[in-house]
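Subject: Structure handover

Hello,

Here is the structure we talked about. Please open it first, then read my notes below.

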Amino acid sequence: MLLSPPFKTSSGSSPFPRPWGLPIIGNLHQLGALPQASLSSLAAEHAAPLMLLRLGSVPTLVVSSADAARAVFRRGSNDRALSGRPALRAAATLSYGLRNVSFAPPGGEFWRAARRACLSELLGAPRVRAFRAVREDEATALVAAVADESRGDGSAVNLSDRLVAATSRIVRRVAFGDDDGEDNIQTKAILEETQRLLGAFFVADYMPWLGWLDTLRGLRRRLERNFHELDAFYEKVIDEHVHRRTTMSNNSKEEDLVDVLLRLHDDPAHRSTFGSRGAIKGILTDMFIAGTDTSSAAVEWTMTELVRNPDVLAKAQREVRGVVGDNRDAVLESDLPRLHYLKLVIRESLRLHPPAPLLVPRETTEPCTVHGHVVPAGTRVLVNAKAIGADPDAWGPDAARFVPERHDGGDLNDHKPWHDDTFRLVPFGLGRRSCPGVHFATAVVELLLANLLLCFDWRAPHGGEVDLEEENGLTVHRKNPLVLVAERRRGAASGLHEQLHERLQLKPSQRVKKAAASCMEPFLKPETTLAVEEELENVALRAPPPAALLQVPKCL
């Protein structure tokens, strides 16, 4: 029974290729340390872009080529049938009973209403634009952190750590509205454990009758502890926001995502979806996990490929520096639409290094037909986005090379959807379960990467080469941290910015300092530089910080 194929055929043709498995565990032993690589090799060995495995007791269809993805997902009825999610142990617990967009079952009203609300209220283009200042602040902070670690003399920088910290701060400020606080280290540890558990292997997800092994391995205890710690953190955040809403003016602070969710919670039209705190917490987990790890991994892998391909790096830097010019030391989001080649670079990086190479697993909710074979309900479906990105039939014989120009053509500012009818590029998923946060993710990735390329010249330490080894997880990062030599590029405005950085110590808020410097950038001409500095310093000394920002130096 455990070794017999579950698929039926409507045409009498052979079933999908199926590598032979072992009793009880099926093909689990063939997944290896990097399942995306093992599955790609297995598909190539059996010439099976559509391949049937049994992972424990779970029948699993693996999609490993663009043609196979098109065959599976192109039909509208198939997209509906393939829109389910398996109820994985960690995901079910940490999403408060599958009460979020990523893991909720598609058949109920909750998922449709939650996705619709998230697209319109949380992740749509207007809401993403509203947090532009947060992203620009943190891009500036990232540049300052790299400059500080490199000590101005070209010392090596652990860019992996810096990127994780930057994307985490962006998501925390957007989602929770908090700055650096005393409990930040503890909160960071809780959220990192959440990410680890969501990517962990639970035996119960594949062989439910052996779930007790998860207890012996300590995974259940870790999961329960993390859930309680995460819940206490969310309760504190929500209580603080409720208190602030009752004691402060509605216009006193820009809404963060918790504010939006609480507003939807109080709205009768959305109460059936967001009426419980559990639903709010589940969606917060969704936003944080999807927004932090994937964005940092995307920038990390893109920088890896750029340093490995110096000609591409030089071309990307010429574009960024040509667009920004010599009078500014920061890329603003208004510059991004003109960075055409940078967008090609990012697409090529996501082709070769999708942050979630197997995407989020799917499960058929009803029978569907693929190539004449009936795929039963309850079949798990894995889309190997990494294998699709390396498919030579889709990308040509040079598919393994990093060539951004292969993406030239079309509107690169159109993020919906990334994939076209060819299904060659699927880092954000497919169909109705594709990632709703594509606008947010691309804004973060483009801005951080552009500022790193503008402000520094990059190379591997000691003239070596950067490796491509992966470490498996919910999101696939580099196995070894990305350590690079960063040499500060000094443009015409560089020295002035350093002086402004020293002088604009306007307490209590660091944002005041950054906003003041940002406001001055368009006016920094050589003939007014000294006067601007003197007047700005005088204004800062004679006025409290908020008022200082409202006064324009007379010399302008």
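The notes below go from the whole chain to single residues.

This is a predicted model: local features need pLDDT of at least 70, side-chain atom pairs count only at pLDDT 80 or more, and totals for chains, interfaces and linings use all residues. Residues are numbered from 1 along each chain as its sequence is written, and side-chain values use heavy atoms, with hydrogens and water left out.

Overall picture. The protein chain has 23 helices and twelve strands. These are DSSP runs numbered from the N terminus: helices are H or I with at least four residues, strands are E with at least two. Of the 556 residues, 54% are buried. Buried means under 20% relative accessible area, exposed means over 50%, and partly exposed lies in between (1.4 Å probe, protein chains only). Take the contacts between residues at least 6 apart in sequence: 73% of them join residues at least 24 apart. A contact means heavy atoms within 4.5 Å.

Helix α5 against α14. Helix α5 covers residues 109-122 and helix α14 covers residues 277-308. They pack at an angle of about 60°, with axes 13 Å apart. Axes are lines fitted to C-alpha atoms, for helices over the stretch in contact, and angles run from 0 to 180 degrees between N-to-C directions. The pair is therefore oblique. Under 35 degrees would be roughly parallel, over 145 roughly antiparallel and 65 to 115 roughly perpendicular; the rest is oblique. From α5 the contact uses Phe110, Ala114, Cys118 and Leu122; from α14, Ala279, Ile283 and Met287.

Helix α12. This helix spans residues 257-266. Seven of its ten residues are buried, so α12 is largely enclosed by the rest of the structure. The buried ones are Leu257, Val258, Asp259, Val260, Leu261, Leu262 and Leu264. Their cover includes α5, α6 (125-130), α8 (159-175), α11 (219-247), α13 (271-274) and α14.

Cysteines. How many disulfides are there? The count is zero, taking a disulfide as a pair of cysteine sulfur atoms within 2.5 Å. Cysteine 118 is buried, at 1% relative accessible area. Cysteine 435 is partly exposed, at 31%.

Arginine 74. This residue sits in the loop between α2 (66-73) and α3 (76-81). Its relative accessibility is 52%, so arginine 74 counts as exposed. Leaving out residues up to four places away in sequence, arginine 74 touches Ala69, Asp421 and Phe423. Its C-alpha atom is 8.7 Å from that of glycine 431, which is 357 residues away along the chain.

Best wishes
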